[in-house]
Amino acid sequence: MTDLRVLHLRALQVSVDIVNQVAPDRLGVPTPCSEWDLGELLAHMTGQNHGFAASARGEREDVGVFAPCPVDDDPAGLHAASAEDLAAAFAEQSVPGGELWLPEIRDGGPFPLQTAVGFHLVDTVAHAWDVARSIDVPVSFDEEVLDAALIISLAIPDGPVRNQPG
């Protein structure tokens with residue numbers, strides 16, 4: 001099986017390329033994520049990048065590392081820095097026992113590195129698409145990235161069970 005970090009890095013680069021096209025005056029536009037405007041979506045993406053990076057470096061207690069990071073007047077720069085932080089953290093393989101603590105998923109895990117990377121891969125693909133739709137620009141991922149994201153997505157529970165504890 002391909003190391004998902006390779007595919008994740010390619011998806012992350014597409015995400016950065018899309019967000020690099022976001023002008024600060026567009027942060028209030030709606031997104032396909034009905035609960036977020038573009039600024040809120042970018043804050044979520046940036047916060048998740050930093051949170052996953054912190055977890056990859058061994059964070060096990062501070063849920064605040066996953067908090068949205070307001071992007072204000074430099075959405076592209078702040079998002080790119082968070083993506084770089086995450087890519088470096090995943091590449092370091094410094095996770096004790098190869099597992100990440102993800103407090104927003106079930107009981108926080110811990111989750112094996114490949115599983116955690118897969119979670120973030122799906123989020124990256126989905127939200128890069130969301131950003132592209134919001135600013136009306138094309139987005140294109142390679143087939144291998146999309147195939148991996150689809151396989152992972154199909155394992156996500158759907159329906160009422162998705163909202164049950166655990």
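The model is predicted: local features need pLDDT of at least 70, side-chain atom pairs count only at pLDDT 80 or more, and totals for chains, interfaces and linings use all residues. Residues are numbered from 1 along each chain as its sequence is written, and side-chain values use heavy atoms, with hydrogens and water left out.

**The core**

Start by selecting Leu38, Leu42, Phe90, Leu121 and Val131. These have the most contacts inside the largest nonpolar core, which has 45 residues. Such a core is a set of buried Ala, Val, Leu, Ile, Met, Phe, Trp, Tyr and Cys residues joined through side-chain atoms within 4.5 Å. Buried means under 20% relative accessible area, exposed over 50%, and partly exposed in between (1.4 Å probe, protein chains only).

Next, colour the helices that give two or more residues to this core: H1 (4–19), H2 (38–56), H3 (75–92), H4 (113–135) and H5 (143–154). H4 supplies the largest share, ten residues. Helices here are DSSP runs (H or I, at least four residues), numbered from the N terminus.

Now select leucine 42. Leaving aside residues up to four places away in sequence, leucine 42 touches Val19, Val22, Leu27, Val71, Pro75 and Val131. A contact means heavy atoms within 4.5 Å.

**A buried serine**

Move to serine 82, in helix H3. Is serine 82 buried or exposed? Serine 82 has a relative accessible area of 0%, so it counts as buried. With residues up to four places away in sequence not counted, serine 82 touches Thr46, Asn49 and His50.

**Helix H5**

Select H5. Its twelve residues should span 16 Å at 1.5 Å a residue, and the end C-alpha atoms are 16 Å apart, which agrees. The expected span is 1.5 Å times one less than the number of residues.

Pick out Val145, Ala148, Ala149 and Ile152, the buried residues of H5. Seen down the helix axis, they fall within an arc of 100°, so they line one face of H5. That arc is taken from the directions from the helix axis to the C-beta atoms. The buried residues of H5 pack against H1 and H4. Turn to the other side of H5 to find Glu143, Ile151 and Leu154 exposed.

At the N-terminal end of H5, select aspartate 142. Aspartate 142 caps this end, with a side-chain oxygen 3.1 Å from the backbone nitrogen of glutamate 144.

**After H5**

Finish at proline 160, in the segment after H5. Proline 160 counts as exposed, at 68% relative accessibility. Its C-alpha atom is separated by 28 Å from that of alanine 43, 117 residues apart along the chain.

Key:
Polar contact = N/O pair within 3.5 Å; in protein donor to acceptor, adjacent residues only side chain to side chain.
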